[in-house]
Amino acid sequence: YDVVIVGAGPAGLSAAIRLKQLCRERDFDLSVCVVEKGAQVGAHVLSGNVFEPRALNELLPDWRNEEAPVDVPVSSDKFWYLTKDRAFALPCPFDNRGNYVISLSQLTRWMGVKAEELGVEIYPGFAAGEVLYDSNDNVVGIGTNDMGIAKDGSKKETFQHGVELKGKLTLLAEGCRGSLSEKILSKYNLRGKVWAQHQTYALGIKEVWEIDENKHEPGAVLHTLGWPLDHKTYGGSFLYHMKNRQVSIGLVIALNYQNPYLNPYEEFQKFKHHPAIKSLLEGGTVIQYGARTLNEGGFQSIPYPVFPGGALVGCSAGFLNVPKIKGTHTAMKSGMLAAEAAFSALSEGSSIEVYWDFLRESWIWEELKKARNYRPAFEYGLLPGLAISGLEHYLFKGRLPFTLKHGKPDHEATNVAKLHTPIEYPRADGILSFDVPTSLHRSNTNHEHDQPAHLRLRDPTIPELLNLPEYAGPESRYCPARVYEYVPVEKGELKLQINAQNCLHCKACDIKDPKQNIEWTVPEGGGGPGYSVM
């Protein structure tokens with residue numbers, strides 16, 4: 001292939017579509033292939049999502065006439081501060097006029113169809129497990145995982161060798177904390193090259209509900225701060241009214257939280273019992289559940305996005321605008337810019353490094369530079385964060401003469417357990433709050449059981465020797481799918497058990513483990529969640 005793209009999300013598909021558009025405009029043929037680890041395009045895509053159509057307008061200007069699933073305009077925009085029993089309205093810092101409440105997994109599926117109509121080859125169910133290099137350390141493509149290997153490493157009857165997909169250029173569009181992207185960032189020191197700071201992350205946990213018709217307001221948007229999180233923990237909730245009586249509801253918690261006893265899944269279950277939220281959900285039913293990490297590093301954390309033989313696009317690099325709570329439009333635009341750089345490189349013999357110039361000259365750069373101080377302001381706590389971000393938003397409009405730095409990397413922010421007291425969470429009531437197995441069933445998560453675990457411990461002794469005694473086993477709480485459990489063995493000792501088949505591919509473990517001992521790798525292609533309305 002001329003271009004191999006890893007990941008059929010908004011960034012990867014935007015790159016594929018733009019490449020094929022340029023081929024038509026310039027009468028030049030390039031072969032473009034997209035590999036996707038989900039069983040279908042969109043199966044692993046989860047987002048809020050209040051969608052800003054700026055990049056879509058540029059990419060497919062006629063989308064309104066082509067049945068794009070972007071048809072619920074924002075009708076109201078509210079921002080609340082929550083205490084345990086009350087909700088206080090705050091001035092709304094978001095400007096969502098002209099934006100839409102969407103399901104990103106549905107939009108991605110539609111984009112996949114558009115890409116195929118232009119001649120892009122898309123292969124869902126194929127997990128890119130390794131980067132291929134030539135003798136000069138240039139990237140020349142990717143290798144997909146072998147299929148049909150048993151837990152013990154033996155080949156089953158269904159064994160199939162992985163395939164090598166070679167490309168003159170390779171674009172990595174794996175989303176937040178992509179496994180190949182992380183290897184590339186490290187191998188070529190792409191952050192160090194431009195003095196970028198470490199990335200910082202949050203975990204978003206989400207459900208889609210169907211609610212009573214008389215409570216449903218299509219296009220209504222609500223964000224909250226405060227309860228159930230304490231003042232030292234950055235995060236907040238979202239509640240968006242979609243169409244067909246559906247609402248998206250979720251809680252986003254920054255992964256630099258300090259208390260190892262905090263359980264993001266249980267905080268979300270607790271949140272739904274707030275009087276102002278409970279009244280909306282009562283009488284409704286949950287359709288789907290899921291979780292995914294997101295980048296919050298913003299401008300300070302953008303790495304040099306080009307490597308020998310390819311580039312990073314979308315959330316693999318990290319272009320989310322934190323104060324807007326939006327990253328789809330910037331991810332799409334980055335894919336389009338990478339496509340333009342790749343087309344120039346392949347048709348005119350220029351360098352793909354012009355992608356970096358294109359980025360810095362684009363509205364992505366301008367937007368993220370203005371937004372750079374909001375997230376790090378909250379390193380000082382909720383109230384100082386609100387004060388600094390309020391000044392930045394209303395007075396300086398993103399033009400403060402300094403750039404705040406992020407605090408410690410998320411894994412280093414976790415305190416030892418003795419500095420905190422355990423948190424007692426209420427039991428799930430089965431009406432508003434649910435246990436993990438019930439939620440997992442709603443995520444349609446499925447993996448072949450008899451395969452090697454895709455979650456690997458770099459040192460298998462660390463969980464029992466360090467994580468459990470020092471940090472009270474935080475992996476049993478930060479994972480929203482109960483992949484990690486400490487189970488009793490002989491003499492009452494506890495041992496870590498990894499239930500890899502539960503994995504939602506959220507990547508929280510790869511980020512939050514205190515000693516960075518867990519490596520998330522791709523399982524057999526087609527495994528993982530099966531999102532349809534997320």
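1. Two strands pair if DSSP finds at least two bridges between them. Strands (E, at least two residues) and helices (H or I, at least four) are DSSP runs, numbered from the N terminus. Strand S13 (residues 169-172) and strand S20 (residues 310-312) run parallel, joined by three bridges. Leu-172 stands opposite Leu-312 in S20.

2. This is a predicted model: local features need pLDDT of at least 70, side-chain atom pairs count only at pLDDT 80 or more, and totals for chains, interfaces and linings use all residues. Residues are numbered from 1 along each chain as its sequence is written, and side-chain values use heavy atoms, leaving out hydrogens and water.

3. S13 and S20 belong to an open sheet of six strands. The order is S7-S2-S1-S13-S20-S19, and the pairing is mixed. Strand S7 (121-124) and strand S19 (306-307) are the edges, each pairing on one side only.

4. Helix H1 packs on this sheet. H1 touches strand S1 (3-6), strand S2 (32-36), S7 and S13; contact means heavy atoms within 4.5 Å. The direction of H1 makes about 160° with that of S1. Axes are lines fitted to C-alpha atoms, for helices over the stretch in contact, and angles run from 0 to 180 degrees between N-to-C directions.

5. H1 (residues 10-26) also meets helix H8 (residues 328-348): their axes come within 7 Å and cross at roughly 40°. The two helices are therefore oblique to each other (under 35 degrees is roughly parallel, over 145 roughly antiparallel, 65 to 115 roughly perpendicular, the rest oblique). Residues in the contact include Leu-19 and Leu-22 of H1 and Met-332 and Phe-343 of H8.
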